[in-house]
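Please read each point with the model in view.

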Amino acid sequence: MQMSRKFLVPAVALALASTLGAARAEDYPARPVRIVIPFAPGGSNDIVGRLIGEELTKRLGQPFIVDNRGGAGGTIGTEVVAKSRPDGYTLLLISTPHTANSTLYKKLPYDPAKDFSPVARLATAPLLISVYPGLPVKTLSDLIAYAKANPGKLNYVSSGVGSSQHLVSELFEIRAGISMTHVPYKGAGAALTDVAAGHAQVSVGTVLQALPHVKANRLRPLAVSGSKRQPVLPEVPTVQEAGLAGYDGDNWWGILAPAGTPPAIVDKLSKAIGDILAEPDMRQRLEAESASVAYLSPEPFGKFMAGETTKWAELIKRLGIQAD
């Protein structure tokens, strides 16, 4: 039995495309690869992105170059990648806000779910709940009790409306049953400086950014999110140890490629990343930044992001938060 001509051409085309995709994956990368980080240099996204870029350069034999494209809550750099050629030579470093932006912004120039292919989740990091040392609280329970006795009088800081610090702080308020006043800044550095100076009282942010202030006694640490204490702050309890069950506000990072990137290239990248994260040295380097390896391959990472999108959508809608 012969295959009709109208089915023969598509079948041959499909086979050819598959063969070419495999060949490209075998040779990939043949030139430098760009990792777009949709936030300014110096933050946790930048640190994690550069660590992974350095190791991919060593392992795959071509430069993986970081390109910081900050602005609009990460949407500017993300749009660049969404509209890039899906050939594996432009990648995106994402974190928690990526899964919140589809609800936070009325209109995005890309679809966070449809315009990207998951490559790998890299790591997670707990958040540190800390306060201005002049505030009369010593523990997380003290803070919750003080906030309940003084509703709306405590100011908490973030790096902007819809930032990960903003969202996890709102989640903390809901879980603790308290009400504080949000004070958004243009960056986490300025926000923490103002808490240290007493212009605001509460911060729920990354351990990495808060640590210098803690060591200088300009911030008082109360608790870290996550399932275990941090080696850099061994005396600080977890949120659950401090008595607040059900709080899950860890930050995370991952790598995406434009939708349509050949699966073989995505798989090659993901395997290389998994191998890098399995190295003891990389684990130690991430731990020095108060992060933990949390590798997920493409399919599980996609499911994880879908769950995060639902979680943050429910919170954002409940609070009526809207970014410009």
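**Notes on a predicted model**

1. W312 has a relative accessibility of 1%, and it counts as buried because the limit for that class is under 20%. Please note from the outset that the model discussed here is predicted. W312 is part of helix α11. Leaving aside residues up to four places away in sequence, W312 is in contact with T96, T99, A100, L167, V168 and L171. A further relation concerns L104: 208 residues separate it from W312 along the chain, yet the C-alpha atoms of the two are 9.0 Å apart.

2. With a relative accessibility of 19%, T103 is classed as buried, since the class takes in values under 20%. The contacts of T103, again without residues up to four places away in sequence, are A313, I316, K317 and Q322.

3. The sheet deserves attention next. In what order do the six strands of the open sheet stand? The order is β2-β1-β3-β10-β4-β11, and the pairing is mixed. At the edges are β2 (64–68) and β11, each of which pairs on one side only. From one strand to the next, the twist averages 25°.

4. Strand β1 (residues 33–37) runs parallel to strand β3 (residues 90–95), with three bridges between them; here V36 stands opposite L92 of β3. By contrast, β4 and strand β10 (residues 251–258) are antiparallel and share eight bridges. Within that pair, A120 has I255 of β10 as its bridge partner. The pairing of β4 with strand β11 (residues 292–296) is also antiparallel, over three bridges, and V293 in β11 is the bridge partner of A123.

5. Why is β4 described as largely enclosed by the rest of the structure? The description holds because nine of the ten residues of β4 are buried.

6. Helix α9 (residues 263–278) packs on it and touches β2, β3, β4, β10 and β11. The direction of α9 makes about 10° with that of β4. Helix α11 lies across β3, β4, β10 and β11, and its course is at about 75° to β4.

7. The largest pocket has a volume of about 750 Å³. Its lining consists of 36 residues, and those nearest the centre are F39, S159, S163, K186 and G187. The elements that contribute two or more residues to this lining are α2 (44–60), α4 (97–104), α6 (164–176) and α7 (188–196). By class, the lining of the largest pocket comprises twelve nonpolar, 21 polar and three charged residues.

8. The second largest pocket holds about 200 Å³ of space. Among the residues that line it are H98, T99, S102, F116, L256 and M305. At least two lining residues come from each of α4, β4 (116–125) and α11 (298–319). Which of these elements gives the most to the lining of the second largest pocket? It is α11, with four residues. The lining of this pocket includes seven nonpolar residues, five polar ones and no charged ones.

9. Rolling a probe the size of a water molecule over the atoms shows where empty space is left. The structure contains three cavities of 30 Å³ or more. About 80 Å³ of space lies within the largest cavity. Residues lining the largest cavity include S44, I47, V48, W253 and E289. Both α2 and α8 (207–215) supply at least two residues to the lining of the largest cavity, and α2 gives the most, with three. The classes represented in that lining are eight nonpolar, three polar and one charged.

10. Helix α11 contains W312, lies across four named strands, β3, β4, β10 and β11, and gives four residues to the lining of the second largest pocket. Strand β4 pairs with β10 and with β11, and is also in contact with α9.

Technical notes. Residues numbered from 1 in each chain as written. Predicted model: local features only at pLDDT ≥ 70, side-chain atom pairs only at ≥ 80, totals over all residues. Heavy atoms only, no water. 1 Å grid on protein atoms, 1.4 Å probe; cavity = no way out; pocket = protein on both sides within 12 Å on 5 of 7 lines; lining within 4 Å. Points joined across faces, edges and corners; volume = space filled by probe spheres on them. Nonpolar A, V, L, I, M, F, W, Y, C, P; charged D, E, K, R; others polar. Buried < 20%, exposed > 50% of the residue type's maximum accessible area, 1.4 Å probe, protein only. Contact = heavy atoms within 4.5 Å. Pairing = 2+ DSSP bridges. Axes fitted to C-alpha atoms, helices over the stretch in contact; angles between N-to-C directions.
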